[in-house]
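Here is a short tour to read with the model open beside you.

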Amino acid sequence: QISQAEQAIGDGAAVIVLTSNDSGSGATIIDLAKAEGVEVIEYDRFNTEGSSGGAAYVSFDNVAVGATMASVLEPAIDAIGVETPRVVMQNGGEEDNNAFLFRDGYAETVEARVEAGDWELVEDVFTPAWDNAEALAIAEQILVAAENDVNGWFAANDGLAGSVIAALESAGLDPSTSPVSGQDATQAGIQNVLLGKQAMSVYKPIKEEAAVASQIALALRAGESVTDQSGDFTIIGIDAEGKPTDSPEGDGVVPYIALTPIAVTADNVAETVIADGFRTIEELCTGDVAETQFCVDNA
């Protein structure tokens with residue numbers, strides 16, 4: 001990726017839109033580009049700690065992603081009817097700054113409910129490299145240690161959610177009675193939502209994110225200020241530690257163009273991922289999913 005960036009700089013690029021492969025190479029690319037007067041947009045993932053920072057960071061509001069999970073899971077967990085629900089936070093990989101931001105979003109709700117004595121936190125664990133096999137092993141270990149007494153599971157994406165669901169079913173538990181969150185609106189994730197095994201997934205419209213990145217790239221090429229741009233997004237900031245800030249200005253702060261994520265449940269699949277063409281009826285309504293009411297009504 002560093003070689004690709006060097007080639008782009010040599011070819012006269014004015015702006016590089018970068019999804020860094022890892023923090024170290026991302027930081028190197030930003031510093032190389034800036035030394036040659038080339039602007040860098042950090043796209044989707046802010047994984048460039050150690051650099052002087054790009055000209056902008058374009059992504060969905062990653063803290064809001066976690067909060068969106070909590071907005072669906074909190075009432076679902078409360079509706080189970082258990083006096084003190086026991087919940088798990090199974091986060092993404094620690095090497096990915098987004099994993100911390102997602103956690104910040106749902107942890108605000110979880111920690112408040114735990115502090116109030118309403119819920120009990122069973123485990124708060126990161127999953128190395130977002131690896132689904134690791135996630136399955138972690139979920140199985142949690143269930144064994146908890147003697148299967150878990151009532152809600154904040155899984156940071158659909159892959160982790162699938163591993164959690166597999167662990168629950170392997171333990172003889174019904175995932176529909178222990179709400180599980182997810183993210184990315186993957187085919188498997190939405191199928192699990194339709195089957196009632198997963199309470200929700202977070203949808204982040206890729207076309208909107210890419211369009212905003214293009215808008216910011218063209219503005220930078222034209223010498224315009226990032227913070228003067230407007231659209232269906234909020235401009236905040238993100239500091240060198242990867243933490244959002246209220247203002248896009250300040251020492252070491254990168255303007256953060258934050259888009260709004262969307263919660264997808266069984267009730268709004270048609271109006272969200274299907275309507276946008278992100279998922280199709282044909283790919284979702286296969287196997288057992290074909291027997292769901294959604295597929296009976298729409299396929």
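## Around helix 6

The buried residues of helix 6 are covered by elements that include strand 4 (86–91), helix 5 (132–145), strand 6 (152–155), helix 7 (187–195) and strand 7 (201–203). This is a predicted model, in which local features need pLDDT of at least 70 and side-chain atom pairs count only at pLDDT 80 or more, while totals for chains, interfaces and linings use all residues. Residues are numbered from 1 along each chain as its sequence is written, and side-chain values use heavy atoms, with hydrogens and water left out. Helices (H or I, at least four residues) and strands (E, at least two) are DSSP runs, numbered from the N terminus.

Which residues of helix 6 are buried? They are Asp 158, Leu 160, Ala 161, Ser 163, Val 164, Ile 165, Ala 167 and Leu 168. Buried here means under 20% relative accessible area, with exposed over 50% and partly exposed in between (1.4 Å probe, protein chains only). An α-helix has 3.6 residues a turn, so residues three or four places apart point the same way.

## The ends and length of helix 6

Where helix 6 starts, Asn 157 places a side-chain oxygen within 3.1 Å of the backbone nitrogen of Gly 159. A polar contact is a pair of N or O atoms within 3.5 Å; within protein, one must be able to donate a hydrogen and the other to accept it, and residues adjacent in sequence count only if both atoms are side-chain atoms. Just after the helix comes Gly 172, with a positive phi of about 80°.

Helix 6 covers residues 158–170, and its 13 residues should span 18 Å at 1.5 Å a residue; the end C-alpha atoms are 18 Å apart, which agrees. The expected span is 1.5 Å times one less than the number of residues.

Axes are lines fitted to C-alpha atoms, for helices over the stretch in contact (heavy atoms within 4.5 Å), and angles run from 0 to 180 degrees between N-to-C directions.

Strands 1 and 2 run parallel, joined by four bridges; two strands pair if DSSP finds at least two bridges between them. Leu 18 has Glu 42 of strand 2 as its bridge partner. Strand 2 also pairs with strand 3 in the parallel sense, over three bridges, and Glu 42 stands opposite Tyr 57 in strand 3. Tyr 57 in turn stands opposite Tyr 256 in strand 10. Four of the five residues of strand 2 are buried, and in strand 3 it is five of five.

Leaving aside neighbours within four places in sequence, Ser 25 is in contact with Gln 1 and Ile 2.
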